[in-house]
Amino acid sequence: MPRLKPTTKIDVIGNLDLSPEKAVGDYIESKQQDTYFVKPPNWDSAGDSIELLYIRNEREHSIMLRLQEEMLENSKRQAASNASRIRKLYKIQANLRKRFIEVNSFIKDCNDKKRVAEKKVAEEMALHDELAEGIEKFKRAICELDEFREVLKATVDELEPYETVIQEVVEKSEIFDSVKDCMDRCDALMLAQVEISRLEQEKFLEIEEMRKRMVKVTNEAALTVLGLKNDLAELERSYNQARSECLRWERILANAKDCVAANELNKDRALDGIRDVYRMLRRRQGRQPVYQRHEVEKELDFIKDEIELLQEVVKECRKAHAGAKRGFVEKVEGKC
């Protein structure tokens with residue numbers, strides 16, 4: 001019969017919570033194995049004596065002492081060699097640090113000089129480009145001035161007869177005082193004509209802008225009117241839909257009110273019927289009603305109990321009637 005808890009031991013393998021006929025193999029295997037269980041020596045074997053054990057332990061102790069001394073000597077030699085190596089490494093490290101500081105300072109100086117030189121070269125190149133651009137600009141200006149000089153000389157040669165005519169006009173006319181006065185008046189007339197042309201062009205542009213604005217305002221007003229008409233039509237459709245929806249919900253509300261009134265009437269009738277049945281049953285018992293009209297659950301429980309009692313009485317009456325009828329039939333048959 002298996003135990004309530006499994007049995008586990010170091011010197012046993014297998015599952016011993018089996019029936020005896022099934023656990024024989026595990027038991028034999030557990031006895032034959034020697035991994036987790038040390039078998040005692042046989043009765044006829046000569047075991048080790050205390051002297052042999054002492055000699056063996058003494059030998060092992062001496063071996064371990066010699067090994068310990070050798071390891072101590074090796075560790076001392078290694079410590080001495082490591083100390084000399086550490087001193088050499090510290091000296092090399094100090095030299096490398098000093099050399100690194102020197103090289104780093106030299107590299108920093110070189111980088112600073114390189115940055116200063118690059119900045120100076122960039123400034124000189126920018127100045128060179130700027131001066132070259134200025135020289136090219138001056139050359140182009142000189143060329144343009146030479147061309148203008150030639151053109152101006154040709155223009156002067158061409159307009160020289162007009163100068164003679166103007167001088168003659170000034171000499172013969174009493175309006176002009178000098179050639180400069182004539183030229184100033186002509187320039188004033190030309191400027192006035194230019195100003196009149198400019199104002200005329202501006203007015204034309206303003207009239208065109210006003211015409212465009214009027215067209216735009218007219219179009220916007222037409223679009224606004226059309227949009228308002230569309231909104232009015234949409235509102236009218238929404239009003240008609242809302243009106244039909246209101247009428248439908250009014251009919252639904254009227255039906256709901258009728259249903260509520262009918263349900264209230266049925267509820268009152270049911271309560272009156274329950275109250276009448278309760279009072280009738282209480283009068284049958286010769287007692288006055290105890291529960292009020294609003295205590296419907298208690299009245300229904302009382303009516304249920306009374307009806308179950310009456311049903312039991314009816315069953316008993318039927319049984320008695322059937323027994324009396326059967327006895328009467330047996331009596332009649334006995335007489336016959």
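Analyst: Glutamate 245 and arginine 248 both sit in helix α3, 3 residues apart, which is about one turn of the helix. Helices here are DSSP runs of H or I with at least four residues, and strands are E runs of at least two, numbered from the N terminus. The two residues form a salt bridge, with their closest N and O atoms 2.4 Å apart; the term stands for a side-chain nitrogen of Lys or Arg within 4 Å of a carboxyl oxygen of Asp or Glu.

This is a predicted model, in which local features need pLDDT of at least 70 and side-chain atom pairs count only at pLDDT 80 or more, while totals for chains, interfaces and linings use all residues. Residues are numbered from 1 along each chain as its sequence is written, and side-chain values use heavy atoms, leaving out hydrogens and water.

Glutamate 245 is partly exposed, at 32% relative accessible area, and arginine 248 is partly exposed at 35%. Buried means under 20% relative accessible area, exposed over 50%, and partly exposed in between (1.4 Å probe, protein chains only).

Helix α3 (residues 179-285) also holds arginine 198 and glutamate 202, 4 residues apart. Their salt bridge has its closest N and O atoms 2.5 Å apart. Arginine 198 has a relative accessible area of 39%, and glutamate 202 has 32%.

Lysine 267 and glutamate 264 lie in helix α3 as well, 3 residues apart. In their salt bridge the closest N and O atoms are 3.5 Å apart. Lysine 267 is partly exposed at 43%, as is glutamate 264 at 38%. Shared partners join Glu195, Arg198 and Glu202 into one network of salt bridges. The whole structure has 10 salt bridges.
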